[in-house]
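Please look over the sequence and the structure shown below, and keep both in view while reading the report that follows.

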Amino acid sequence: MSRSKRRYQRLPLDPEQPPAALGRRVGALDLGERRIGVAMTDAGGSFVTMREVLKRTGGSADRDVVGSILDAYPGATIVIGLPLNTDGTESAQAARSRRWAARLLEGRCEPVIWKDEHLTTQAARRDGAGDADVDARAAEILLLDYLRSQRPC
């Protein structure tokens, strides 16, 4: 192949890699009945990694633990999974999640984005996640879904 053709050859787009152009850190919380899954991007929003699974203990203890995690990533936008019905309407669980997240993030200034988490736990299990990390994997899937939705057409 000639040098000029090689110079203009387009590289294939990798659909699994989130866009590097976000330019900000984004985190995701998968709020479960017993556990909270946490996933986070790097500072530029290019790479997503599962961070941890927190066992819910209730009240201020949960708020303190989540707060300490978010303090380690200042300025992060937080995506929170919202369990919607299959028709897209809010379920009773979605209303509980909103109330619980409001208490969990009380006094914090991070921007919050609500994202439909429909079937993220099932997708995490399909991907091979076990009981120990299924919530963090669900948060990672939620975050990847959010990042893909931010791509320009």
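## Burial and overall layout

Of the 153 residues in the protein, 41% are buried, where buried means under 20% relative accessible area, exposed means over 50%, and partly exposed lies in between, with a 1.4 Å probe and protein chains only. This is a predicted model, in which local features need pLDDT of at least 70 and side-chain atom pairs count only at pLDDT 80 or more, while totals for chains, interfaces and linings use all residues. Residues are numbered from 1 along each chain as its sequence is written, and side-chain values use heavy atoms, with hydrogens and water left out.

The protein has five helices and five strands, which are DSSP runs numbered from the N terminus (helices are H or I, at least four residues; strands are E, at least two). Along the sequence their order is α-β-β-β-α-β-α-β-α-α. Among contacts (heavy atoms within 4.5 Å) with a separation of 6 or more, 62% join residues 24 or more positions apart.

## Confidence

The predictor's confidence in each residue is given as pLDDT, from 0 to 100; its average over the protein is 83, and 83% of the residues score at least 70. Over residues 1-21, however, pLDDT stays under 50, and the model has 23 contacts beyond four places in sequence for this stretch.

Lys115 belongs to strand β5, residues 112-116, and counts as buried because its relative accessibility is 18%. Its side chain makes a polar contact with the side chain of Asp145 at 3.5 Å; such a contact is a pair of N or O atoms within 3.5 Å, and within protein one must be able to donate a hydrogen and the other to accept it, while residues adjacent in sequence count only if both atoms are side-chain atoms. Leaving aside residues up to four places away in sequence, Lys115 also touches others, including Val79, Leu142 and Tyr146.

Helix α5 covers residues 134-149 and reaches 23 Å from its first C-alpha to its last, close to the 22 Å expected, a span defined as 1.5 Å times one less than the number of residues. Because 13 of its 16 residues are buried, α5 is largely enclosed by the rest of the structure.

## Ser91 in a loop

Ser91 is found in the loop between β4 (77-82) and α3 (92-104), and with a relative accessible area of 16% Ser91 is buried. A polar atom of the Ser91 side chain lies 2.7 Å from the backbone oxygen of Pro83.
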